[in-house]
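Visitor: Please take a close look at one residue in this model and the strands around it. I would like a single connected account.

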Amino acid sequence: MPLINKRQRNEIRQCKAIARVARTASSNARKNAFSHGRSVTVQQGEAIVKMHPDGRTDIIRKIEKSSVIPEKRRYYL
């Protein structure tokens, strides 16, 4: 197991906190859009889909090569 110094631990905590806030914000935005009768466009697997408040989903486009999520993310504020 690699040794992690205090600064790296702090960066990891900050990244996790920012990711958690981003998830909450996007979830709240989706709920808000649905409550006002608006559709939301999101990526689901290898497709971009439009989700409607009534539960329907329309596939807008298939993604040939899905984006790669990097192992380590850095956020600068």
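Guide: Ile60 counts as partly exposed, because its relative accessibility is 48%; buried means under 20% relative accessible area, exposed over 50%, and partly exposed in between (1.4 Å probe, protein chains only). This is a predicted model, in which local features need pLDDT of at least 70 and side-chain atom pairs count only at pLDDT 80 or more, while totals for chains, interfaces and linings use all residues. Residues are numbered from 1 along each chain as its sequence is written, and side-chain values use heavy atoms, with hydrogens and water left out.

Ile60 belongs to strand β3, residues 57–62 (strands are DSSP runs of E, at least two residues, numbered from the N terminus). Apart from neighbours within four places in sequence, Ile60 is in contact (heavy atoms within 4.5 Å) with Thr41, Ile48, Val49 and Lys50. Its C-alpha atom lies 7.4 Å from that of Ala47, 13 residues away along the chain.

Strand β2 covers residues 47–51. β2 and β3 run antiparallel and are joined by five bridges; two strands pair if DSSP finds at least two bridges between them. The partner of Ile48 in β3 is Arg61. In the hairpin of β2 and β3, five residues lie between the strands, and Gly55 has a positive phi near 100°.

β2 also runs antiparallel to β1 (residues 40–44), again with five bridges, and here Gln43 stands opposite Ile48. That hairpin has two residues between its strands, with Gly45 at a positive phi near 60°.

In a regular strand, side chains alternate between the two faces of the sheet. In β2, Ala47, Val49 and Met51 make up the covered face, and Ile48 and Lys50 the uncovered one.

Note on methods. Helices (H or I, at least four residues) and strands (E, at least two) are DSSP runs, numbered from the N terminus.
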